[in-house]
Amino acid sequence: MSAKKILVVEDNKMNLELVSDILTAHGYEVIQASEGRQALELARTHLPDLILMDIQLPEMDGLEVTRRLKSDAGTSGIGIVALTAHAMRGDKERAQAAGCAGYIAKPIDIHEFTGIIEGYLETVSREQTS
Ligand code: MN
């Protein structure tokens, strides 16, 4: 079985590297994007198994990127999990309304992180085959 591909969208370089390092260490293939348009392009060309989407991005925010991916038949099946530093009331609902399967609050808990990712990957593949 080939490695699962995860697109990590995050404009904070330290967070991007942290998340990428953890995923790479656990055998995932990681694709990185630091802004929305790049994320759209990389999602279309690589068709990752999962996207971790920072909500706060310069110019096009993660919710808008998610809406665009979900409204495009070529990418609508990709599971997207929101990443946000602002655990504000309503964030979870906004992320779900945009099409995110779930929500991970930053700073991430590095001990629980990969277990959470595995759970999302299982959910996503179950939905795609059912
Ligand atoms: Mn950000």
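Keep in mind that the model is predicted.

## The sheet

Let's start with the strands. Five of them form an open sheet in the order β2-β1-β3-β4-β5, and their pairing is parallel. The strands at the edges are β2 (29-33) and β5 (102-105). Each has a single partner strand, so one side of each is left without a neighbour in the sheet. From one strand to the next, the twist averages 20°.

You can follow one pairing in detail. β1 and β2 run in the parallel sense and are joined over five bridges. If you look for Ile-6, you will find that it stands opposite Val-30 in β2.

## Helices on the sheet

α1 lies across β1, β2 and β3, and runs at about 165° to β2. Another helix, α3, also packs on the sheet, where it touches β3 and β4 (79-84). The direction of α3 makes about 150° with that of β3.

## Two helices side by side

How are α2 and α3 arranged relative to each other? Helix α2 covers residues 36-46, and it packs with α3 at an angle of about 25°, their axes being 9 Å apart. Angles under 35 degrees count as roughly parallel, so α2 is roughly parallel to α3. The crossing of α2 past α3 is right-handed.

Which residues make this contact? On the α2 side they are Gly-36, Arg-37, Ala-39, Leu-40 and Ala-43. On the α3 side they are Val-65, Arg-68 and Leu-69.

Asp-11 and Gln-56 link distant parts of the chain, being 45 residues apart. Asp-11 sits in the loop between β1 (5-9) and α1 (13-25), while Gln-56 sits in the loop between β3 (50-54) and α3 (62-70).

Are these two residues buried, exposed or partly exposed? Asp-11 has a relative accessible area of 38%, so it is partly exposed. Gln-56 has a relative accessibility of 43%, so Gln-56 counts as partly exposed too.

Methods. Residues numbered from 1 in each chain as written. Predicted model: local features only at pLDDT ≥ 70, side-chain atom pairs only at ≥ 80, totals over all residues. Heavy atoms only, no water. Helix = DSSP H or I, 4+ residues; strand = E, 2+ residues; numbered from the N terminus. Buried < 20%, exposed > 50% of the residue type's maximum accessible area, 1.4 Å probe, protein only. Pairing = 2+ DSSP bridges. Axes fitted to C-alpha atoms, helices over the stretch in contact; angles between N-to-C directions. Contact = heavy atoms within 4.5 Å. Parallel < 35°, antiparallel > 145°, perpendicular 65-115°, else oblique. Left-handed = near helix turned anticlockwise from the far one by under 90°.
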